[in-house]
Amino acid sequence: MIADTTMFLGKFLYYALESLVVNIIPKSKKDVAGEIVLITGAGSGLGRLLAMHFARLGAIVVLWDINQEANMETYRLAKEKGVKVFAYQCDCSSRKEIYRVADQVKEEVGDVTILINNAGIVTGKPFLDTPDHMVERSFYVNAISHFWTYKAFLPAMIKANHGHLVCMSSIAGMVGINGLSDYCASKFAAFGFAESLFFELSHIKENKIKTTIICPFFFNTGMFEGCITKYPFLLPIMEPEYVAQKVVNAILEEQVYLLLPRFAYVALFLKQIISPKMMLALGEYLGADRAMVSFKGRVKEDEPQTETKRKYH
Ligand SMILES: NC(=O)c1ccc[n+]([C@@H]2O[C@H](COP(=O)([O-])OP(=O)(O)OC[C@H]3O[C@@H](n4cnc5c(N)ncnc54)[C@H](O)[C@@H]3O)[C@@H](O)[C@H]2O)c1
């Protein structure tokens with residue numbers, strides 16, 4: 001017991017000092033030229049921007065999206081960078097389809113070495129207005145698909161002891177937000193899954209497989225069209241290119257967690273130490289309770305508008 005505790009305290013102190021030093025000196029960035037980078041949800045928003053960044057860095061880029069036309073546009077843009085690009089239509093809500101397309105990738109491209117689980121959807125309605133099938137779909141796309149992509153690509157990473165797993169979660173995967181029940185729950189699930197695997201892999205001897213979990217606040221791609229922020233200087237609605245640069249940087253520097261913007265670290269730290277009533281007051285002050293009031297999202301023309309407005313006014 002004493003030896004164990006002494007050992008723990010020694011390690012704890014050493015790693016505390018190490019993280020201080022690492023935060024001061026500029027970190028080295030890994031070379032991803034020739035790596036096989038698979039991005040789900042590559043047809044628009046962040047996925048497309050990440051594809052462009054990795055193509056610029058000389059990686060072999062594999063694009064997955066349910067929307068074939070949009071994915072082919074990303075393919076065309078990435079191809080202009082002069083690297084190998086592969087595009088596949090894949091509905092990430094389907095386990096069978098993920099396994100089928102993953103087999104195709106392994107055969108036609110090779111073993112994926114950087115897996116970016118980025119595809120995502122949002123319903124954006126108050127809980128009782130959220131159709132059952134959208135609750136299920138949010139979980140399938142935002143969280144359960146990550147289990148199947150890991151199952152498909154992790155074994156080869158373990159065999160080669162080389163790879164990087166990237167999870168696009170959200171601030172909504174760390175704190176509950178009104179009008180986002182299915183989205184928050186699925187993003188919490190994605191976060192929990194990726195963190196659990198991070199710990200599981202860390203216990204493999206000499207493990208070199210990295211994990212990066214990304215938790216951004218809103219950024220301007222259309223997914224959260226209409227959402228508002230009360231204090232943009234604390235919690236700005238970010239530009240997608242800024243987010244993409246930060247994500248790429250976190251991957252190249254092999255950071256485990258990335259929260260965006262910086263104020264998110266403060267808000268989440270406070271969440272752990274204050275009372276629920278203080279938390280409600282903080283949420284109201286930051287406008288979290290009203291962020292979804294004017295949510296439109298990627299509205300389909302024939303889709304009836306959400307009653308979010310009425311419910312929250
Ligand atoms: N935009 C934000 O404010 C924000 C904030 C935090 C986290 N995120 C997360 O970041 C990721 C990217 O978001 P974005 O803003 O670029 O969204 P986006 O809507 O621009 O892109 C999402 C992509 O996923 C694809 N997709 C949807 N369902 C799919 C399915 N079943 N199979 C395969 N592909 C599918 C879409 O076709 C689209 O190309 C998502 O996981 C999202 O939840 C976004």
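Helices here are DSSP runs of H or I with at least four residues, strands are E runs of at least two, and both get numbered from the N terminus. Okay, so this is a predicted model: local features need pLDDT of at least 70, side-chain atom pairs count only at pLDDT 80 or more, and totals for chains, interfaces and linings use all residues. Numbering runs from 1 along each chain as its sequence is written, and side-chain values use heavy atoms, with hydrogens and water left out.

Let's start with helix H3, residues 68-79. Glu73 and Arg76 both sit in it, three residues apart, about one turn of the helix. Their side chains form a salt bridge, 2.8 Å from N to O; that term means a side-chain nitrogen of Lys or Arg within 4 Å of a carboxyl oxygen of Asp or Glu. Glu73 is partly exposed at 31% relative accessibility, and Arg76 is partly exposed too, at 40%. For the cut-offs, buried is under 20% relative accessible area, exposed is over 50%, and partly exposed is in between, with a 1.4 Å probe and protein chains only.

The structure has eight salt bridges. Another one pairs Lys27 with Glu253, closest N and O atoms 3.8 Å apart. That pair links distant parts of the chain, 226 residues apart. Here Lys27 is partly exposed at 30%, while Glu253 counts as buried at 16%. Lys29 joins these two in a salt-bridge network.

Now, the ligand. Which side chain puts a polar atom 2.6 Å from a ligand oxygen? That's Tyr183. On its own the ligand exposes 820 Å², and the protein buries 95% of that, using Shrake-Rupley areas with a 1.4 Å probe.

Terms used:
Polar contact = N/O pair within 3.5 Å; in protein donor to acceptor, adjacent residues only side chain to side chain.
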